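Here are my notes from a first pass through the model. Have it open while you read, and go point by point.

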Amino acid sequence: DVKSEYGKGSVFTVSIPQSYKNHAKLAEIKNPEGKNVLIYERRHINARSVTWTMDNLGVNYKLVTTAAEFYEEIKSQIYQYVFVASVLYDNVKKTYAEFDSKAEFVLIAEFGEAIADRNVSIITTPIFCLPVANLLNGVSDSFITSLSSNVAARLIVPDAKVLVVDDINTNLKVAEGLMQHYKIHVDLCRSGLEAIKAIKTARYDLVLMDHMMPGMDGIETTARIRALGDKEPFYRSLPIVALTANAVSGTREMFLSSGFDDFLSKPIDTLRLHEILEKWIPKEKQKLAPENYDKQEARELPGGKTMLSIDGIDAKKGIAMSRGSYENYIRMLGIFYKDGLYKLNEIKESFSNKNINLYVTYVHGMKSAAAIVGAEKISDESKMLEMAGKRGDWAFIENNNAGYLRELELLLENIKRELPGITPSGKKTDIDTRRLTTTLNGLREALNNFDSTAINSNMDNLLEYSGAADLHDDIERIGHNKMIGEYDEAIAIIDKLLQKLGKH
């Protein structure tokens, strides 16, 4: 149907007839009349979402928005489930314990939010009927996490090999950092072509594949990997998990039909990552670490402070996304800064060329990278531009792109100003030539042997010299080529540096 008024615009309405394969409900509660739910949530949009879901499922519930109301309701002991906003959880635990309530706690968490208590069930926003139904029916679900903290903390897989594929350096390094806890051998690739090349040269136990990438996206890359199974069955059974920043209803089914085995939402939730590793890494490679393993590695900030203040960034959230490690977070910020400079130019170029597909891909990548470091405003603006591009609304992009780029440039300037050592000082620092030469030779050998562990170790040592103005650019180029799998290029730069050092 079309309704049009000259000078004002047109409305196009399309009706698509659909048929049922069967009349079974997608989400249904067993014995709904026997389940009472107490909801304590002050955020209007989340409260509306949860209550709407309970109405649809036919579950009895009571919504409260104050501590006094919660106190009165919990002492009645009539509830089997208590849904509580994660930000209110610490305030209500004492009340919960006072009445020795047997109700099951369910935390309502923001998407990507890190939850310290692993002994409670968690449901993330946006909230859908199916995961709520599964939770109330006692069935585990991709959107719900309820883990034993001991098992989660102590699982290690030192003999496992994982490939992570993403065109955003920040995402790659976050994934790598999160998996360090498990002692996994991790390789990184920045494109579909590099991923196929890596998979042909090494036997991986698991592949984490980004969905949206420039050029060959994750779906096409996965299809090509599966096609290799015509000659070698290994490629048909290799577990491939999609990394996506667009986890909505139907996501899992779409990825499963495209050759993936599972999906993992970005920003990566540490508990969900644990589920993925436990599910897909071969059982014979899974081990339990010593009892004090987690304590040995845990790092807390003095006095609970972030020790960092940057306009436009919630450092506390960023540190939580880095498993609570301040050092890892600083490293992530540095990578985000350099990524941001590249993405600025790519976004500008795709906008100038009116290449809407590339534009959507680049702002999509910036959306997840910004969320990881706690830059929520840039992440939200990236999401709005991405959605505009997907619906073909170029006018919205034209009206908002300039302001978005200014915000991103300002954010990068703030990071540069506040983060020490992110750019070279311009001074020639004292260099231990012998140690540097040993590091370069070690890195060269590791690259030749495709030894990922040795590559990362030597690269970390090499980065200590990146503050020297006369080495910074070369080290940056080595790191960039290592990241995208261009090992021959990295070795050529190393050879030139070694030659230069030999003359001094």
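1. Start with the side chain of Q286, which reaches the backbone oxygen of I281 at 2.9 Å. Keep in mind throughout that this is a predicted model. Q286 itself is found in the loop between α11 (270–280) and β15 (287–288).

2. Is Q286 buried or exposed? Its relative accessible area is 18%, and the cut-off for buried is under 20%, so Q286 counts as buried. Leaving aside neighbours within four places in sequence, Q286 is in contact with L155, I156 and V157, and also with L277, E278 and I281.

3. Next, I335, which sits in helix α14 (residues 326–352). I335 is buried as well, at a relative accessible area of 16%. Which residues is I335 in contact with, once its neighbours within four places in sequence are left aside? They are N169, T170 and K173. For a sense of the sequence separation, take I335 and N171: they are 164 residues apart in sequence, yet C-alpha to C-alpha they are 9.4 Å apart in space.

4. Helix α15 (residues 356–373) is worth a look along its length. It has 18 residues and reaches 26 Å from its first C-alpha to its last, close to the 26 Å expected at 1.5 Å a residue. Of those 18 residues, 14 are buried, so α15 is largely enclosed by the rest of the structure. Just after α15 comes G374, with a positive phi of about 90 degrees.

5. Most residues other than glycine have a negative phi. Q77 is not a glycine, but it has a positive phi of about 60 degrees. Where is Q77? It lies in the loop between α2 (67–74) and β5 (81–85). Its relative accessibility is 42%, so Q77 counts as partly exposed.

6. K183 goes on the list too: a positive phi of about 60 degrees, although it is not a glycine. This residue is found in the loop between α6 (169–180) and β11 (185–189). At 41% relative accessibility, K183 counts as partly exposed.

Notes
Residues are numbered from 1 along each chain as its sequence is written. This is a predicted model: local features need pLDDT of at least 70, side-chain atom pairs count only at pLDDT 80 or more; totals for chains, interfaces and linings use all residues. Side-chain values use heavy atoms; hydrogens and water are left out. Helices (H or I, at least four residues) and strands (E, at least two) are DSSP runs, numbered from the N terminus. The expected span of a helix is 1.5 Å times one less than its number of residues. Buried means under 20% relative accessible area, exposed over 50%, partly exposed in between (1.4 Å probe, protein chains only). Contact means heavy atoms within 4.5 Å. A polar contact is a pair of N or O atoms within 3.5 Å; within protein, one must be able to donate a hydrogen and the other to accept it, and residues adjacent in sequence count only if both atoms are side-chain atoms.
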